[in-house]
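Welcome! Here is a short tour for anyone opening this structure for the very first time. Have a look around, then read on.

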Amino acid sequence: MKTISKQLWRSMVFTLILAVLWTAGAAAETPVKNVILLIGDGMGINHITAARLSLAEGAYSVLNLDTMPYTGFSLNFADNNLVTDSAAAATALATGFRTETGRLATLPDGTPLESIMLRAKAEGLSTGIVSTVKITDATPAAFLVNADSRTFERDVAAAILETETDVFLGGGADAFGINPFTKQPKSNALIHRALEKGYTFVSDREGLLNLEITPGLKLIGLFIGGDMSFELTRLPTEPSLMEMTERALEVVSQNPRGFFLMVEGARIDRASHTQSAKEMVGELLMFDQVVGLALEFAKDNPGTLVVVTADHETGGLAITSGHPSGETVNYHWASTGHTAAVVPIYAYGPGAERFSGTLPITEIPVRIAELMGLTGFPAAKEMEE
Ligand SMILES: [Zn+2]
C-alpha cells in the first residue's frame, strides 16, 4: 500500500514538472495572444487595385492594405472544384482542411472538423464574429458549426448561439425571430435563447454606439433581417463595418487571455456578383478602413496578429485600360460568379512573416494556431451519433 502511494506521488510530481515545463515552453513560443482575421469575401487583387485607383492620388494612392509588411498568395480551390465558394473556403480558413463546396466545417464524408475559433474559446480566449451579411451565412458559420449544407439557416442560427461566442454583429435578424418592423422578438423567437444565455441584444446603430461595454459583456447585434446594405446606401439604422469592428474589439479585448476575432467584408462579393464596380469599391474602401483599425489596435497591443485574406475572387475583374491618375479606368467582368484566381494574404504582427509566399489556404489557420500555441490543430472531431 505504502509503495503504491509512493509511486503515485512520484508520478504526480513528474506530471507536475512536465506541466510546468510545457507551460513555460508554450509561453516562450506563443508570441500571439490576439488574432484579428479579416476576410474580404470575393476580394481579388484587381478589386484592391480598383479601390486604390478610386482614391485622390489614383494609382499612387496607398491603402491600409498596402502598408502591411508581409504578403502572400492563397491557393484556395475546393476539394471538388477549382472554383470554390464561401462555405468550402471558410471551412479551410476555420479548420485547416479542404472540403467540397457548400459544406460547413465537415469533410466530404461528413466528418466534423474542429474550428480554430472554437478551440480558442475552449482555451479561455474571447471570440467574436462581425459580418456585413447574415451572421448565419457561410463564412461566419464555418467558424462555429459543423453542417453538411450551408442552407439550413435556422439550424445554423440555433447552433451558433450555443458556441459561447462573445460577440456577434451583423445581419440576419429574421432567422432569430426578430419582427422586421418593431425590431422586437416574436414569441418563440430564437433570440430568447440568446437572452437566456445572458447576451445583450441590440437592433440598431444607435443602440450599438451608445452601449456601455461592461466587463464580461456578451453581445449580439442584428441590424437588419437579411444581409446588410451596401456601404454607399447604408440605412441610418445600420452601423458600418468599422463601427461594428470597433465595438467588437472593445468587448473581446477585455479578456487578459486574448481573443480571436473574425471580421468579414462580405458584400465585396455581393457587389461583384452584380458586377457593380462602384458598390464593390465602396465595400472595399470600408473594409480597408477596418484593416487600418486592426493595424492601429495591433500597434497599441503587442501580441496581436492581423491576417487579411479572401475566400475567393468574384467576378473575374480585369482592369483593361486607364490613366494612373485614376481617370478613364475601364473595368471588365468575366463572370457573374466566383473564379479560380488565387487570392492575396496580408499579415502584420508577431509571426507575420510566416504568411508570405504561396500557401495552400489550409496553411493559414494552421500557422495561426502554431503562433497561438494551440497544439493538435488541425483535427477532426469524434463523429456524433
Ligand atoms: Zn459569392
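## Helices, a sheet and a few loops

Within α2, the residues His47, Ile48, Ala50, Ala51, Arg52 and Leu53 are buried. Buried means that 20 or more other C-beta atoms lie within 10 Å of the residue's own; with 12 or fewer a residue is exposed, in between it is partly exposed, and C-beta atoms are placed from the backbone. Please keep in mind that this is a predicted model, where local features need pLDDT of at least 70 and side-chain atom pairs count only at pLDDT 80 or more, while totals for chains, interfaces and linings use all residues. Residues are numbered from 1 along each chain as its sequence is written. Helices (H or I, at least four residues) and strands (E, at least two) are DSSP runs, numbered from the N terminus.

What covers the buried residues of α2? The cover includes α10 (267-273), α11, β10 (317-321) and β11 (330-333). Here, two residues are in contact if their C-beta atoms, placed from the backbone, lie within 7 Å.

Let us stay with one of these partners. Helix α2 (residues 45-53) packs against helix α11 (residues 277-300) at an angle of about 85°, and their axes are 9 Å apart. Axes are lines fitted to C-alpha atoms, for helices over the stretch in contact, and angles run from 0 to 180 degrees between N-to-C directions. The two helices α2 and α11 are therefore roughly perpendicular to each other; that label covers 65 to 115 degrees, whereas angles under 35 count as roughly parallel, over 145 as roughly antiparallel and the rest as oblique. On the α2 side, His47, Ile48, Ala50 and Ala51 make the contact, and they meet Ala277, Met280, Val281, Leu284, Leu285 and Asp288 of α11.

Next comes the sheet. Its ten strands form an open sheet in the order β5-β6-β4-β3-β7-β1-β8-β13-β2-β14, with mixed pairing. Strands pair if DSSP finds at least two bridges between them. At the edges are β5 (200-202) and β14 (357-360), each pairing on one side only. On average, neighbouring strands of this sheet are turned by 15° against each other, direction ignored. Strands β3 and β4 run parallel and are joined by four bridges. Valine 130 stands opposite leucine 169 in β4. Helix α9 packs on the sheet and touches β3, β4, β6 and β7; its direction makes about 165° with that of β3.

Which residues of α9 are buried? They are Leu241, Met244, Thr245, Arg247, Ala248, Leu249, Val251 and Val252. These buried residues of α9 pack against β3 (126-134), β4 (167-171), α8 (205-210), β6 (219-222), β7 (259-265) and α11.

Now for some loop residues.

Lysine 183 counts as partly exposed because it has 18 C-beta neighbours inside 10 Å.

Valine 83 sits in the loop between β2 (70-75) and α3 (86-95). Leaving aside neighbours within four places in sequence, valine 83 is in contact with His338, Thr339 and Ala340. Valine 83 and glycine 337 are 254 residues apart in sequence, and 9.3 Å apart in space, C-alpha to C-alpha.

Finally, the peptide bond from phenylalanine 377 to proline 378 is cis, with omega near 5°. Proline 378 lies in the segment after α12 (363-372).
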